[in-house]
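Work through the exercises below with the sequence and the 3D view open. Try each task before reading its solution.

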Amino acid sequence: MSEATNILIVDDEADIRKILRLLLQKKGYSVCEAVNGAEAIERAREGDIDLIVMDIMMPKVSGVQATVAIREFSNVPILFLTAKSLDSDKERAYLGGGDDYIVKPFSSTELMLKIASLLRRYTVYRGKESEKSVLSLPCSVEVDLESRTVRRAGEEVALRDKESEIFFYLLSKRGETIETDRIYEEVWGEKAMPSSANNVMVNMLNLRKKLEDNPSNPKLIKTVWGKGYRFD
């Protein structure tokens, strides 16, 4: 990874910042640090950050609060560090504008894989070097990321709430295979049950009817049998 890739570490614990700095610098990343959420907001305003690794639990301004503020002016990817693995904490992280999370204690391998994945998506789909907010996709589909609208052959596609949420969730994870239960939990905001897969499947069928040239042979969102779905 080029040294031009700049990662901001935000944690009130000096030992954690040191560990992260050493791991990231070993991989060739450029690293800067902030000791709290307020400092992270100011550092992010400078506009030269490619990714933020943000602790959730910090005094005064939490990681979630800082992320909400940062999202007002930046779409830089944010990876949350959390000492908890409760669903409520995961929900807070995503609703606050976070892109992913990792639970302490974490493995260096998992951390680096998540960082590489977030950077890849940011560079390719939402990169700061591309001012475009519109993605051109197969099947004459265009997506306006700012207004979260979808057009096909120039006409806006009327997506129902869950269809839209599934579409944009999978788009944000483009290239990854996402398990059906995870899609349900992220979109519906509740624990997946045996019947949950059917809800996902019905909405997926409707999405394909509206967006695909041939719904039985999809080019946008593909089924990975026995695993889930992947946005290509």
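H2 is followed by Gly47, whose phi is positive, near 80°. Helices (H or I, at least four residues) and strands (E, at least two) are DSSP runs, numbered from the N terminus. The model is predicted: local features need pLDDT of at least 70, side-chain atom pairs count only at pLDDT 80 or more, and totals for chains, interfaces and linings use all residues. Residues are numbered from 1 along each chain as its sequence is written, and side-chain values use heavy atoms, with hydrogens and water left out.

**Exercise 1. Find which residues of helix H2 (residues 37-45) are buried, and state what they pack against.**

Step 1. Buried means under 20% relative accessible area, exposed over 50%, and partly exposed in between (1.4 Å probe, protein chains only). In H2, the buried residues are Gly37, Ala40, Ile41, Arg43 and Ala44.

Step 2. These residues cover an arc of only 170° around the axis, so they are on the same side of H2. The arc is that of the directions from the helix axis to the C-beta atoms. An α-helix has 3.6 residues a turn, so residues three or four places apart point the same way.

Step 3. Contact means heavy atoms within 4.5 Å. The buried residues of H2 pack against strands E1 (6-10), E2 (30-34) and E3 (51-55), and against helix H3 (63-70).

Step 4. At the N-terminal end, Asn36 caps H2, with a side-chain oxygen 3.2 Å from the backbone nitrogen of Ala38.

**Exercise 2. Describe the largest nonpolar core and say which element supplies its largest share.**

Step 1. A nonpolar core is a set of buried Ala, Val, Leu, Ile, Met, Phe, Trp, Tyr and Cys residues joined through side-chain atoms within 4.5 Å. The largest one has 27 residues, and Phe167, Leu170, Ile183 and Ile221 have the most contacts inside it.

Step 2. Elements that each supply at least two residues include helix H6 (161-172), helix H7 (180-188) and strand E12 (228-231). The largest share, six residues, comes from H6.

Step 3. Take Leu170 as an example. Leaving aside neighbours within four places in sequence, Leu170 is in contact with Ile178, Ile183, Met204, Ile221, Tyr229 and Phe231.

Step 4. A second, separate core of 22 residues includes Leu8, Ala40, Met54 and Ala69.

**Exercise 3. The structure holds three aromatic pairs. Classify the pairs Phe167 with Phe168 and Phe167 with Phe231.**

Step 1. Rings of Phe, Tyr and Trp (its six-membered ring) pair if their centres lie within 6.5 Å; planes under 30 degrees apart count as stacked, over 60 as edge-to-face and the rest as tilted.

Step 2. The ring centres of Phe167 and Phe168 are 5.2 Å apart and the planes are at 80°, so this pair is edge-to-face.

Step 3. For Phe167 and Phe231 the centres are 5.3 Å apart and the planes at 75°, so this pair is edge-to-face. Phe167 lies in H6 and Phe231 in E12, so the pair ties together parts that are 64 residues apart in sequence.

Step 4. Phe167 is buried, with a relative accessible area of 0%, and Phe168 is buried at 8%. Ring pairs link Phe167, Phe168 and Phe231 into a cluster.

Conventions: A polar contact is a pair of N or O atoms within 3.5 Å; within protein, one must be able to donate a hydrogen and the other to accept it, and residues adjacent in sequence count only if both atoms are side-chain atoms.
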